[in-house]
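Hello,

Here is the structure I promised to hand over. Please open it, then read the notes below.

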Amino acid sequence: MSNITDLETTAIERLCELLNEEIRQTGPISKGNKRIWGVLHEMDNTIWHHCLNGAINITPRNHKNFNRIDQRVTELNAALTRLKGDYDNVITPYPSEYKRQGRPNSDLYQGAAWHLLMLLREVYCDVYGVDLPNK
């Protein structure tokens, strides 16, 4: 793997570790988790681009979540490609930012990003032998 691929994979691993840490500290993660959204809102298009690449790199092709992850990555990459010139954070902007700018489909992208992260956490746990359900 190249250095960029290693960094992309590491970024996903760190996000998954953050999710697992949140589960250990506070129990199951709800979609409204302020700590997780705080991190996601700070990410920009470049970080998201690399994380989406890392999502594919970390997921074994034979994993039960591969097709769903690939679908979400494709969907979010398309949004980035289409809108990256217009916004700094296409996928997970702060609510005040996307409401003020009247962005189309921001809720859709944020939901897709959340779903992707939950799927990736499952992959991470399977790959690294972590027994930590989000229940």
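The sulfur of cysteine 125 is 7.4 Å from the closest cysteine sulfur, in cysteine 16, so this pair is too far apart for a bond. A disulfide needs two cysteine sulfur atoms within 2.5 Å. Cysteine 125 is buried, at 7% relative accessibility. (Buried means under 20% relative accessible area, exposed over 50%, partly exposed in between, with a 1.4 Å probe and protein chains only.)

The model is predicted: local features need pLDDT of at least 70, side-chain atom pairs count only at pLDDT 80 or more, and totals for chains, interfaces and linings use all residues. Residues are numbered from 1 along each chain as its sequence is written, and side-chain values use heavy atoms, leaving out hydrogens and water.

What about cysteine 51? Its closest cysteine sulfur is also in cysteine 16, 9.7 Å away, too far for a bond. Cysteine 51 is buried too, with a relative accessible area of 4%. The whole structure has zero disulfides.

Now the helices. (They are DSSP runs of H or I, at least four residues, numbered from the N terminus.) H1 covers residues 3-26 and H2 residues 34-42. They pack at about 165°, with axes 10 Å apart. (Axes are lines fitted to C-alpha atoms over the stretch in contact; angles run from 0 to 180 degrees between N-to-C directions.) H1 and H2 are therefore roughly antiparallel, a label for angles over 145 degrees. The contact (heavy atoms within 4.5 Å) involves Leu15, Leu18, Leu19, Glu21, Glu22 and Gln25 of H1, and Arg35, Ile36 and Val39 of H2.

Best wishes

Note on methods:
Helix = DSSP H or I, 4+ residues; strand = E, 2+ residues; numbered from the N terminus. Parallel < 35°, antiparallel > 145°, perpendicular 65-115°, else oblique.
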